[in-house]
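Please look over the sequence and the model shown here; my notes follow as numbered points.

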Amino acid sequence: MVTRMVDLRSDTVTKPTESMRAAIANAEVDDDVLCSDPTALRLETEMARIMGKEAALFVPSGTMGNLISVLVHCEVRGSEVILGDNCHIHIYENGGISTLGGVHPRPVKNNEDGSMDVDLIEAAIRDPRLEICYPTTRLICLENSHANSGGRCLSVEYTDRVGELAKKHGLKLHIDGARIFNASVALGVPVHRLVQAADSVSVCLSKGLGAPVGTVIVGSRAFIARAKILRKTLGGGMRQVGILCAAGLVALQENVAKLEGDHKRAKLLAEGLNKIKGLKVDVASVETNIVYFDILEGSNITGPKLCKIVGEHGILLMPESLSRIRLVIHHQISGSDVQHTLSCIQQAVTGGPTENGDV
């Protein structure tokens, strides 16, 4: 019988805190499609201020936030966006920019740290003199922190260089900042400075910040005015949305300060996993709250089998392949949970003794 659950599949699995539930219950609401919901307006105003942008808009999900942002910048069908070949928009968002927006992706290889070489980005920009053959490049997208690179962070210097390149060629820059606060905390750079070069940013409330629902996109007033129309077009206009935005406000007020602790526990988890025979972790690459580990060749266990075994003891992991597993720390994972997880994984992989004898 499972008596303890440790859910490390993602930082999207958090449950609303008591203060979030109270805020939801007491939220002042009105019709947000009519721009009248006071709690939504408070959240949007606060996020715009924190991010150093003119305006903001609450949307139901990160996928919708990125889609709206791309479509605003690429209003003409057949436009092209330069983005990483391993980024979230390109891999995990159902090809929405193409399916719904007629926007052509121009992938550039992501480096191990989530960046793209600036010279390769520039080389991918289409020559406008050949527009009779080529789509027109209109946008560059970055992701910070970069999930598929293990939560690695793009530096402010790198982001500024890409921003300068975009301006040089008359392009816009969008940052998928689903975990931008994680990057800000890890780098020790204020979040508004980290995204200063961007024309738009999407910020997820329901990942590291721990709110139950929603993303906020930020940009210029003109950008947000167009985004609001597209949100309605895509079915994202909601009425008394303040009940969701109230939890987002609590997340901003209470949970940003918890991210540093999440990163420390992720590092402890990575170091512990790397000590288990048959497993390998690039500990130095663990910069935020995401940890990947590899099962070495010759081990008598696969990723799915390991996940099944520890799952029977209440530990939920995310298998990426037969030999690779992802774990994500969030504010509802304690130091004790980390030690319990390490103990159970060691028992499953090596059959060795556990520290607490509970497997």
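1. Lysine 207 lies in the loop that runs between strand S7 (200-204) and strand S8 (215-219); strands here are DSSP runs of E with at least two residues, helices are runs of H or I with at least four residues, and both are numbered from the N terminus. This is a predicted model, in which local features need pLDDT of at least 70, side-chain atom pairs count only at pLDDT 80 or more, and totals for chains, interfaces and linings use all residues. Residues are numbered from 1 along each chain as its sequence is written, and side-chain values use heavy atoms, with hydrogens and water left out.

2. UniProt, in an unreviewed entry, places "modified residue: N6-(pyridoxal phosphate)lysine" at Lys207; its positions are given in the numbering used here, feature names are shortened, and annotations may be inferred rather than shown by experiment.

3. Lysine 207 is buried, because its relative accessible area is 16% (buried is under 20%, exposed over 50%, partly exposed in between, with a 1.4 Å probe and protein chains only). Neighbours within four places in sequence aside, lysine 207 is in contact (heavy atoms within 4.5 Å) with Asp11, Thr12, Ala178 and Arg179.

4. Histidine 174, found in strand S6 (residues 172-177), is buried with a relative accessible area of 0%. Apart from neighbours within four places in sequence, its contacts include Ser69, His73 and Cys141.

5. For "domain: Aromatic amino acid beta-eliminating lyase/threonine aldolase", the unreviewed UniProt entry lists residues 7-294, over which the chain is 41% helix and 17% strand, with the end C-alpha atoms 19 Å apart.
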